[in-house]
Amino acid sequence: MKSIRRKLTIWLSGGLLLLWVAAGAGIYLAVRSGLLKTIDAQIAVDKDVTRFLTKTETSRESNPFPDRPGAPRRPSGRMAQYGEVGSGYYYQTWDDRGSPTEQSDSIGNIILPFPGPSSQKPEFSTISIEDGTRLRAMNFRTAPSGKGRGKGTKGGKGRNTSNSIITIAHDLSEMEQTLSILIGGLIIVGLVAAGGTVILVGTSLNQGLKPLRDLGDQTATIDAGNLSARFDATKAPIELKPVYSRLNELMDRIQTSFDRERRFSADLAHEIRTPVAELRMLSEVALKWPDQAGPDTFTETLDIALQLETMIESLLALARWESGEMEPKFELIDLESLAKTCWAPYVDSAELKHHEVRFEFTQPTLLDSDPSLLRHVLTNLFSNAVEYTADRGAITVAGLENGIRISNSSHGLTDENVSHLFDRYWRRDEARSDSGHVGLGLSLARSCAEVLGLDLAADIDEEWLSFTIRKKTSTT
């Protein structure tokens, strides 16, 4: 299972530990660099002194290697630190051929490693001697020692170009001991810091995630019985306020949906109860007095069955459109032709009620839509108009730009009534008439319109009720 707490703990702890390691490494390198610069500065001070000390006369008695041909000479009267064995301060010189010529008394019987060709510019490096001791050394070449005669070309005259390669070295043991103590201190501080980091991160996450736990506790108290409850964001941090707002909006939608479904269940039970009771009564009469059952009985039974079938088919269609199980197939439709086709089944009913019907299309009106779905919308609107238009009333079908308007004369409707026209099972007569309409036609028509991307709206103007179908305009 993925855990935000665990992931944050790993990332924060790991990141802070890496920062501690980087900081420790930076401190170590900075101290080491500072110590090396200090030693290099000390060596640079000794350089100018040793440059002149290497020019003194030596005797056989002062030569510590009388039995070694070419053994280096040892100068006398050197600086105190270069004359004490084991002092950690050393220097040694070589000729151009790499043979040792002179060294400090402090070096004992050890000969420093030859640095190779050097320039007059000092070069620093770290070297190791025979016993493993590490030294910080500076190598440089002295200028020619002077003029003299010797064998040369053309007359045998020339310059004495001999010079020396000098190495000055200081023992690094003290620096390495200091660095060892520093590393130990950094490790101890790092371990303490690591433990403190883990504790600090854990405590911070506990406090930081507390609002999420509070949100979870509030969510756990909500069920179907108290959908009116809302999430209290008064104590929520700023980062969670949008979440609280979206959750409250979701609760509004859920409550609206539940209320609608409760009304739907109650209305459905109310609608079905009457036709089912009639069917039961007719069946009982037919069974009790079979000789009296005539064509009227079977006609009434058929009408009730058709009413129930219409209700069931409407409910199934409404569920399919709202769940998105059926996808529309769009094509260019002539609205005048489609409207007249959908009106044809209602011509006789309109004539019986002496309705005045007018089709007002001044120019061809085309709409990109699904013919079957749009036919369902128009059929429901025409059925509603014929049913609820009074005798000798008027019905008008007019073409609009990207749409159509169906109007019928109506008496007694108010703006409040219009706002409920698309509610399932709503009728202005609360007692519910026994007409063939089951109160789902307009609700189904709006659902189909929404699937098609159409806007189906109703409005009342004086004594005219109008339903307008238009293509929805996109807003940016």
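Me: How many salt bridges does the count come to by this rule?
Reply: Bear in mind that this is a predicted model, where local features need pLDDT of at least 70, side-chain atom pairs count only at pLDDT 80 or more, and totals for chains, interfaces and linings use all residues. Residues are numbered from 1 along each chain as its sequence is written, and side-chain values use heavy atoms, with hydrogens and water left out. The rule asks for a side-chain nitrogen of Lys or Arg within 4 Å of a carboxyl oxygen of Asp or Glu. Going by that, the count is nine.

Me: Asp 40 forms a salt bridge with which residue?
Reply: Side chains of opposite charge can pair when their charged atoms come close. For Asp 40, the closest N and O atoms of the pair are 2.8 Å apart. The partner is Arg 136.

Me: How many residues apart are Asp 40 and Arg 136 in the chain?
Reply: This pair ties together distant parts of the chain. Asp 40 sits in helix H1 and Arg 136 in strand S4 (residues 134–141); helices (H or I, at least four residues) and strands (E, at least two) are DSSP runs, numbered from the N terminus. The separation is 96 residues.

Me: Is Arg 136 buried or exposed?
Reply: The cut-offs are under 20% relative accessible area for buried, over 50% for exposed, and partly exposed in between (1.4 Å probe, protein chains only). Asp 40 has 14% relative accessibility, so it counts as buried. Arg 136 has 12%, so the call for Arg 136 is buried.

Me: What about Arg 97, buried or exposed?
Reply: Arg 97 forms a salt bridge with Asp 95, with the closest N and O atoms 3.4 Å apart. Asp 95 is buried because its relative accessible area is 15%. Arg 97 has 73% relative accessibility, so Arg 97 is exposed.

Me: Which residues are linked with Glu 356 in a network of salt bridges?
Reply: Glu 356 meets Arg 358 in a salt bridge at 2.8 Å, N to O. Glu 356 is partly exposed because its relative accessibility is 44%, and Arg 358 is partly exposed too, at 30%. The residues networked with Glu 356 are Arg 358 and Glu 360.
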